[in-house]
Amino acid sequence: MLSAPSILALDNDEAKLKVGTNIPYQSGTTVTATAGVTQNISREDLTLELDIKPHISDGDEVLLEVKHDAKDLGTSSANLGPTWTTRSFETKLLVRDQHTVAIGGLIEEREIRTVTKVPFLGDIPLLGYLFKYDSKVKKKTNLLIVLTPYIIRDQDDLERIRAQKQREHDELIRSFSTFEHMKYQPHVDYGRKVGLLEEINRAEIDVEAERAERAEHPMTSAALPVHTGSIPLDTPSTAR
């Protein structure tokens, strides 16, 4: 969730939302006789902008003029610098009071490649591939915008909406605090694993099974004396 604002706008008046960050990047170098080589640093705003202009009708319907523009950081090159992507749309929507409308379909898919190498050794031609590796990550995002207009005619409507938003905020905070205490423990099937851990786990399972069997049948699992040795042939034996 990038943003969840609640803004107030007058009828036939535009409301603007802007949230994001500002990144610096090297745009070039300048060589002078006095200062030598200096780097030129520029900055770019990577923001999410949303402009909404409502028009309220007599039938509790709201005509929304929506403009959206989003910038995100893309790949980065050592020679050309960073790149960024842009997604924008402009549309009009007719929504009833307190009804929700969703705008989607702004899908972006990109591949991020990073190179990790040992300093100096990774720059050696041919042999440098032994001291570095590349990693590729595919990222796919689908931007979804959900809008719910509320028509406010007096102070009572404003207070009712404020109380509703406060309840939603409290429920969200309680849900996050509940999830923090729930630790996820995935089930590990050691029977599908190989190595020392599997042998230790199987040995522990056998010990637990033997212990349970002794607890169920204490007589059969009791220790019996064992005599070892040889019986002399010339010992007389009697039977009764």
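Reply: A patch is built from residues that have over 30% relative accessible area and no salt bridge, with like charges joined within 9 Å and nonpolar side chains (Val, Leu, Ile, Met, Phe, Trp, Tyr) within 5 Å. The accessible areas come from the Shrake-Rupley method with a 1.4 Å probe, and for residues only the protein chains shown count as cover. This is a predicted model, in which local features need pLDDT of at least 70 and side-chain atom pairs count only at pLDDT 80 or more, whereas totals for chains, interfaces and linings use all residues. Residues are numbered from 1 along each chain as its sequence is written, and side-chain values use heavy atoms, with hydrogens and water left out.

On these terms, Val118, Leu121, Ile124, Leu127, Leu130 and Phe131 make a nonpolar surface patch of about 520 Å². Phe131 belongs to the loop that runs between strand 5 (101-117) and strand 6 (132-147); strands (E, at least two residues) and helices (H or I, at least four) are DSSP runs numbered from the N terminus.

The charged side chains come next. Side chains of opposite charge can pair when their charged atoms come close. A salt bridge here is a side-chain nitrogen of Lys or Arg within 4 Å of a carboxyl oxygen of Asp or Glu, and a search of the whole structure finds 10 of them.

One of these joins Lys18 to Glu49, with the closest N and O atoms 4.0 Å apart. Because Lys18 lies in strand 1 (residues 15-32) and Glu49 in strand 2 (residues 36-56), this pair ties together parts that are 31 residues apart in sequence. Lys18 is exposed at 53% relative accessibility, while Glu49, at 26%, is partly exposed.

Strand 2 also holds Glu44, whose partner Lys71 is in strand 3 (residues 61-77), so that distant parts of the chain, 27 residues apart, are linked. The closest N and O atoms of Glu44 and Lys71 are 3.0 Å apart. Glu44 is buried at 17% relative accessible area, whereas Lys71 is partly exposed at 29%.

A further salt bridge, between Lys165 and Glu168, has its closest N and O atoms 3.9 Å apart. Both residues lie in helix 1 (residues 155-181), three residues or about one turn of the helix apart. Lys165 is partly exposed at 31%, and Glu168 is partly exposed at 38%.

Terms used
Buried < 20%, exposed > 50% of the residue type's maximum accessible area, 1.4 Å probe, protein only.
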